[in-house]
Amino acid sequence: MSSDMHMHTTYSDGRLTPEELLAAAKDAGLTYMAITDHDTVEGISHLYENGFFPCRGIKIVPGIEFSAHHPLREIHILGYNIDIYYGPLVDKLTEVTEARWTRFSEMLDKVRQLGYSISETDVLSIAGTSKSISRSHIGRVLVKKGYFETVRDAFDALLAKGKPAYVPHFRLSVEEIVGLVHAAGGEAVLAHPKLIGDDELVREICQKGIDGIEAFYPRHDAADTERYMAMAARYGLRCTGGSDFHGFPTRYPDKVGIFTVEDQYAEPFYREHQTLD
């Protein structure tokens, strides 16, 4: 059996609604799934408040993906089994969301100053229900308008750290994120370590109180996976993995169930009869 512990919905920068993602995961025969939207738990709360979670036939892990502060590198921390109604978590996510809106406006101004004709309305129409406005939404508008072939091209030219339209945003430190996840009853996992681009930094993060490492990831080859599994063993961490599914045809995987992990890497992060309220 197979599972996927890293998936996004329309509540951040995914294409599928929480209900659609849940249905796709069930159709793919997944045993466990984790919804890990960027800086928001509203996709999970939507399922819960509309009677879709818990769900017969699939085991859902409530999650989130945080961006951590670093001057040079992109570091993301996944939180699993968090209490989505934990007050300090809700307050911090509100603060992060407000900062995202400020950053969005500043980045949009930079993009326009560079000669790309896109509006706030263009981006918000792409973002839909998402309150977690991100660079990906701007990138998708740039692709839609024909400026770039793919969102990744837009990132490489304009939106990535160090590029001309990049604007840094409010981020917590790794230690703050880990502490917040733990306080909310969850477990913290380092996401896609290869994308950090610095294994020495990965080793440092492994010693900052995290609980696991995402060894299985679409952009990890077999040697990468083996290396990160060895790091996990060295530092006493759990291994997990996921597709980072967003649901867009230009981004692999474009369908749920194409990239999965064995259930043994998901099961330790699941809690039966989770209480959310």
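**Helix α2 and its cover**

I began with what covers the buried residues of α2: the cover includes α1 (18–27), β2 and β3. Contact here means heavy atoms within 4.5 Å. Helices are DSSP runs of H or I with at least four residues, strands are runs of E with at least two, and both are numbered from the N terminus. I then listed the buried residues of α2, which are Gly43, Ile44, Ser45, His46 and Leu47. Buried means under 20% relative accessible area, exposed means over 50%, and partly exposed lies in between (1.4 Å probe, protein chains only). After α2 comes Gly51, with a positive phi near 80 degrees.

I noted what I am working with. This is a predicted model, in which local features need pLDDT of at least 70 and side-chain atom pairs count only at pLDDT 80 or more, while totals for chains, interfaces and linings use all residues. Residues are numbered from 1 along each chain as its sequence is written, and side-chain values use heavy atoms, with hydrogens and water left out.

**The whole chain**

I counted nine helices and eight strands in the chain. The radius of gyration is 18 Å, close to the 19 Å that the globule rule gives for 277 residues, so the chain is as compact as a globular protein of that length. The radius is taken over C-alpha atoms, and the rule is 2.2 Å times the number of residues to the power 0.38. Along the principal axes, the C-alpha atoms fill a box of roughly 50 × 45 × 35 Å.

I checked burial next: 53% of the 277 residues count as buried. I also looked at contacts between residues at least 6 apart in sequence, and 70% of them join residues at least 24 apart. The accessible surface comes to about 12,000 Å², and carbon and sulfur atoms hold 50% of it. That area comes from the Shrake-Rupley method with a 1.4 Å probe.

For charges, I found 29 positive and 41 negative side chains, with the centres of the two sets 4 Å apart. Lys and Arg count as positive, Asp and Glu as negative; His and the chain ends are not counted. Each charge is placed at NZ of Lys, CZ of Arg, CG of Asp or CD of Glu.

Most residues other than glycine have a negative phi, and most peptide bonds are trans. I went looking for exceptions.

The bond from Phe53 to Pro54 is cis, with omega near 0 degrees. Pro54 sits in the loop between α2 (42–49) and β3 (59–68). Tyr252 and Pro253 are also joined by a cis bond, with omega about -5 degrees. I placed Pro253 in the loop between β7 (238–241) and β8 (261–262).

Asp39 has a positive phi, near 55 degrees. I found Asp39 in the loop between β2 (30–35) and α2, buried at 4% relative accessible area. Asn81 is not a glycine either, yet its phi is positive at about 60 degrees. Asn81 lies in the loop between β4 (75–80) and α3 (87–113) and is buried at 5%.

**Aromatic pairs**

I paired rings of Phe, Tyr and Trp (its six-membered ring) when their centres lie within 6.5 Å; planes under 30 degrees apart count as stacked, over 60 as edge-to-face and the rest as tilted. The count is seven pairs. I opened one: the ring centres of Tyr48 and Tyr85 are 6.2 Å apart and the planes stand at 55 degrees, so the pair is tilted. The pair links distant parts of the chain, with Tyr48 in helix α2 and Tyr85 in the loop between β4 and α3, 37 residues apart. Both are partly exposed, Tyr48 at 24% and Tyr85 at 32%. I also logged an aromatic cluster of Tyr116, Tyr147 and Phe148.

**Two residues up close**

Ala191 is in the loop between β5 (187–190) and α8 (199–205). I read 0% relative accessibility for Ala191, so it counts as buried. Not counting residues up to four places away in sequence, Ala191 touches His6, Glu65, His76, Leu78 and Glu214.

Ser2 lies in strand β1 (residues 2–7). Ser2 is buried at 19%. Leaving aside neighbours within four places in sequence, I found Ser2 in contact with residues including Gly29, Leu30, Thr260 and Val261.
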